[in-house]
Every structure is written in structure tokens, then in C-alpha cells.
Amino acid sequence: MFFAPKLKFALGDNTNLTIDGSWLQESRTSDDGTVAIDNRPADLPRERFLGEPFQNVDINVTNFGYLLDHKFNDQWSIRNAFRAQFVNSERYINFAF
């Protein structure tokens, strides 16, 4: 699931405030790829999965920020911006020793 709103407000004739954010929630089986033999990918069928069926990854990412822009004249303007990101990731990792 993904959601990404963006809002722009005219605070005056020369001043704009843009607020944006995004939210991602993803749950899937993690695929770490294939194995190599002699520096080449192993010759395996495309549908072969080498992981465990329960090696899931759950990801939740939240981003938000703003951009405040004021134009004094044709040559001068000022901008202030802020951005934050919060990531929560849980993953089963199979270690082979």
C-alpha cells in the first residue's frame, strides 16, 4: 500500500508553502537472488526459489517535509525546506555458515 499526498498553499502573492509526504507499507517474501559458480550465475530455472518460504520482509516507510518559498523581487528569493524519513523494517534472514 502506498499513499503520497502533496499540497501547495499560496500564503501571499510572493510566498508559497508546499507540504508533501508519503507512506509505504509492504509485506512480501524476500528473494536474495541466486548462487554463482565460477563467477557466473548458476544455470537454474527462472522459477527456482532458493530461500525459505517463510523469509518475509515487512517494511513501513513514512516521509514528510515542506518547502517554504518567498520571492522578494526578480533577483532575490529565499527558500526553507525540511525533510524527514522514518523506516521500520523487519526481516527474517537465513545465515548459512
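Start by selecting Lys6, which stands opposite Asp20 in S3. Keep in mind along the way that this is a predicted model.

Stop 1: Now widen the selection to S2 (6–10) and to strand S3, residues 15–29. These two strands pair in the antiparallel sense, over five bridges. Follow the chain from S2 to S3 and you will pass through a hairpin of four residues. Is S2 buried or in the open? Of its five residues, the number buried is zero, so S2 lies largely in the open. Buried here means under 20% relative accessible area.

**Stop 2: the nonpolar patch.** Next, select Leu7, Phe9, Leu11, Ile19, Phe64, Tyr66, Leu68, Phe82 and Phe86, and show their surface. Together they make a nonpolar surface patch of about 820 Å². Phe64 is partly exposed, with a relative accessible area of 36%. While you have a strand on screen, recall that side chains in a regular strand alternate between the two faces of the sheet.

**Stop 3: the salt bridges.** How many salt bridges does a search of the whole structure find? It finds four, and three of them are worth a visit here: Arg28 with Glu26, Asp69 with Arg79, and Lys71 with Asp74.

- Select Arg28 and Glu26: their closest N and O atoms are 2.6 Å apart. Arg28 is partly exposed at 38% relative accessibility, and Glu26 is partly exposed too, at 26%.
- Move on to Asp69 and Arg79, where the closest N and O atoms are 3.7 Å apart. Asp69 lies in strand S6 and Arg79 in strand S7, so this pair ties together parts that are ten residues apart in sequence. Arg79 is exposed, with a relative accessible area of 61%.
- Finish at Lys71 and Asp74, whose side chains meet in a salt bridge at 4.0 Å, N to O. Lys71 is partly exposed, at 41% relative accessible area, whereas Asp74 counts as exposed, at 68%.

Notes. Residues are numbered from 1 along each chain as its sequence is written. This is a predicted model: local features need pLDDT of at least 70, side-chain atom pairs count only at pLDDT 80 or more; totals for chains, interfaces and linings use all residues. Side-chain values use heavy atoms; hydrogens and water are left out. Patches are made of residues with over 30% relative accessible area and no salt bridge: like charges are joined within 9 Å, nonpolar side chains (Val, Leu, Ile, Met, Phe, Trp, Tyr) within 5 Å. Accessible areas come from the Shrake-Rupley method with a 1.4 Å probe; for residues, only the protein chains shown count as cover. Buried means under 20% relative accessible area, exposed over 50%, partly exposed in between (1.4 Å probe, protein chains only). Two strands pair if DSSP finds at least two bridges between them.
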